[in-house]
Amino acid sequence: MNLRATLSHLPREARDTLFLLGVIACVLLPLFPHLPLWAGLFAGLLLLWRTGLALLSRPLPSRWLLFALLVLAVAATLGQFRTILGREAGVTLIALLLALKTLEARARRDAMVIFFLGFFTMLSNFFFSQSMFTAAAMLVALLGLLTALVNAHMPVGRPPLAVALRTAARMALFGTPVMVALFVFFPRMAPLWGLPGDQLSGRSGLSGSMQVGNIAQMALDDTVAFRVRFDGTDSALPPQSAMYFRGPVLSDFDGREWQALPIRDTPNTPALLEVQGPGIGYETTLEPNQKPWLLLLDASPEGPKASGLQAFMARDLEWLSIRPVSEVLRYRATSYPQFRHGPLTETRTLRFSSALPADSNPRTKALAAQMRADPAVSAGGTQALVDAALERLRTGGYEYTLEPGVYGEHTADEFWFDRKAGFCEHIASSFVILMRAAGVPARVVTGYQGGERNPVDGYWTVRQSDAHAWTEVWIEGRGWLRVDPTGAVSPGRIGQFTRLRAPRGAFGNAVDRVISPGLAQQLRAVWEAANNRWNQWVLNYTQTRQLDMLKALGFDAPDWQDLVNLLAGLVAAAALGGAAWSAWERLQHDPWLRLLTLARKRLAQAGLALPAHLPPRAMAEAVRAHFGAAGEPLAQWLLELEALRYAAHGGNPAPRLKQLRRQFATLALPTHSA
């Protein structure tokens, strides 16, 4: 016997319980990656336990056992988080409470509690992700919960779940206009509440420090860091090799780790930036990362513009937000590929950019002295030194790789003389150490380089795997100049935009055999374009866009009060329209009511006028009293009509209703009273 047949033979209570447990599992499943391992296992075991009780028709556990499990759940949550407040602790506790409540569903009130706990838990999924996939999954969960709720309000008989599903879908469909109106017109404002310790974990690997090897780990992460839409045509864009999106600038080196300078910049710190040539306008959609850096194309004197965004430029051209980016942020900016930056003559601040620990990388320091002693380099100055170092990288057998091995204490010495292999941060760090050993101010710049254009929507997608480290060297009279030594080792990384990829596993190779790489790339482009639209029109629907929409509707100087008034008018109109439509449908389109009204009219023609509020049973008694035995067939017909409406039955009532309609058409009504 198959599963469907097995379920169809279960008692209704067991069937409804299993359906509700399946819906709860759909609600909880997206939360499991964000719950502690023990909490996910605990909730899963509770649901399996309840499933077994339903299948075997066993009694529910005692209240004392449930109380002990509740105390255990609360104690474990407190032990894990030291609190029951906050996002992680609160969601963990609510998930456990929902699973526990399924073991206590003894009465209708318990079922209602489960439904509304389910709705609340469903919303808690959006604390962790607001992606289009999460929204679609929660829409399915919403339909499931509504179906279970509708089914609970049909206590008589064994109505098919499909009937409850159709009713739930119709309810959701009717509520969609109100939902859309609330989304579009409800005033957007800063949150009036927050959860203690609520910090969304960012996926960006960029930080204010860099150890050799950490950017190589990001090359394995193919998630989206941000998207860029450039103004104008593709011919006006900079070449892909010139797309450097600036992040943290690292100038302080302790022998193992690069960090930002211990000099705190303020919004009034001068950046000494001069731009030339035409600017490039663009719009960036930055994914949440809990970091303050705003990734801009080098270099932007005006900085990013967005509603409510407060940002400033540091002295090394970084743009930083006053607050970490904790949600999808869209901003506009204009950058100038041709620019000059930094002091033209030596200053005291530059000494920080030429310092090295005394006991680090002795062989690299000796190499720098040797290069300085070369007459050609000595005559050509700093630019000649840079060119000589790049030539050594091009011709010295150096390799660009994700797996150079674990570097020891003297990372630059190992790179230049031993391993001769590394990722971009190995190369950039070693290059800067060589320049500093030669007395030249130099620093490491981290960020993203390149990107790929999505052919579906025209946006440039920049991924975590595009994270990059390059260098800047200071030359007197010219300021800071970008030098990317990785391009000397692997020109394809910068010019042809080739990326290193991790080895494919067995699953990836199997997928490649089933789906061609070209088709997979097209499907990925379509999905990312759709996800980008979701970000643009849903997650990034700000108050500015609301007010712009009101201006398009004819408001001269709209504000949030106009939004409230418009929303209230729409909701009131929708409520009145819905009430009127419901009344009209009930009177005109309910075939059962229409047939009962027809019987009342025929009785009035036969001399028996009955009030409209009488149910069929009362009408049958009136027919017997008025017509006697001659009215018995009509009285029986009325009782059958009532049974069709209110008695317990399964299946579709429409065929029986058609039969009663045909029977009424042939029914001889009495013409005299008893």
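Helices (H or I, at least four residues) and strands (E, at least two) are DSSP runs, numbered from the N terminus. By that definition, the secondary structure of the chain comprises 23 helices and 19 strands. The model is a predicted one, in which local features need pLDDT of at least 70 and side-chain atom pairs count only at pLDDT 80 or more, while totals for chains, interfaces and linings use all residues. Residues are numbered from 1 along each chain as its sequence is written, and side-chain values use heavy atoms, with hydrogens and water left out.

**The whole chain**

Begin with the entire chain displayed. Of its 674 residues, 43% are buried (under 20% relative accessible area, with exposed meaning over 50% and partly exposed in between; 1.4 Å probe, protein chains only). Contacts (heavy atoms within 4.5 Å) may then be examined by sequence separation. Among those with a separation of 6 or more, 71% are between residues 24 or more positions apart.

Select residues 12-28, which form helix H2. The expected span of a helix is 1.5 Å times one less than its number of residues. For the 17 residues of H2 this gives 24 Å, and the end C-alpha atoms are 24 Å apart, which agrees. Twelve of the 17 residues are buried, so H2 is largely enclosed by the rest of the structure. Among the buried residues are Arg12, Arg15 and Asp16, together with Leu18, Leu20 and Leu21.

Next, select Asn151 in helix H7 (residues 132-152). Asn151 is buried, with a relative accessible area of 4%. Leaving aside residues up to four places away in sequence, Asn151 touches Arg12, Arg15 and Asp16, as well as Pro159, Leu161 and Ala164.

**The three-stranded sheet**

Move to strands S1, S5 and S4, which form an open sheet in the order S1-S5-S4 with antiparallel pairing (two strands pair if DSSP finds at least two bridges between them). Strand S1 (209-211) and strand S4 (252-253) stand at the edges with a single partner strand each, so one side of each is left without a neighbour in the sheet. Between S1 and strand S5 (residues 257-259), which run antiparallel, there are three bridges. To locate this pairing, select Ser209, which stands opposite Gln259 in S5.

H13 lies across S1, S4 and S5, running at about 80° to S5. Axes here are lines fitted to C-alpha atoms, for helices over the stretch in contact, and angles run from 0 to 180 degrees between N-to-C directions.

**Aromatic pairs**

Rings of Phe, Tyr and Trp (its six-membered ring) pair if their centres lie within 6.5 Å; planes under 30 degrees apart count as stacked, over 60 as edge-to-face and the rest as tilted.

Then select Trp637 and Phe664. Their ring centres are 4.7 Å apart and their planes stand at 35°, so the pair is tilted. This pair links distant parts of the chain, with Trp637 in helix H22 and Phe664 in helix H23, 27 residues apart. Trp637 is buried at a relative accessible area of 0%, and Phe664 is buried at 2%. An aromatic cluster to display separately consists of Phe226, Phe245 and Tyr448.

**Helix H23**

The buried residues of H23 are Leu657, Leu660 and Phe664. Seen down the helix axis, these buried residues fall within an arc of 60° (taken from the directions from the axis to the C-beta atoms), so they line one face of H23. An α-helix has 3.6 residues a turn, so residues three or four places apart point the same way. The buried residues of H23 pack against helix H20 (591-605) and helix H22 (632-646). On the face turned away from the buried side, look for the exposed residues Arg662, Ala665 and Thr666.

**The five-stranded sheet**

Select next the open sheet of five strands in the order S11-S7-S2-S17-S16, whose pairing is antiparallel. Its edge strands, S11 (329-335) and S16 (452-453), each pair on one side only. Two bridges join S16 to strand S17 (residues 460-463), and these strands run antiparallel. Glu452 stands opposite Thr461 in S17.

**Pro491**

End at Pro491 in helix H15 (residues 491-496). Pro491 is exposed, with a relative accessible area of 53%. Arg394 is 97 residues from Pro491 in sequence and 9.3 Å from it in space, C-alpha to C-alpha.
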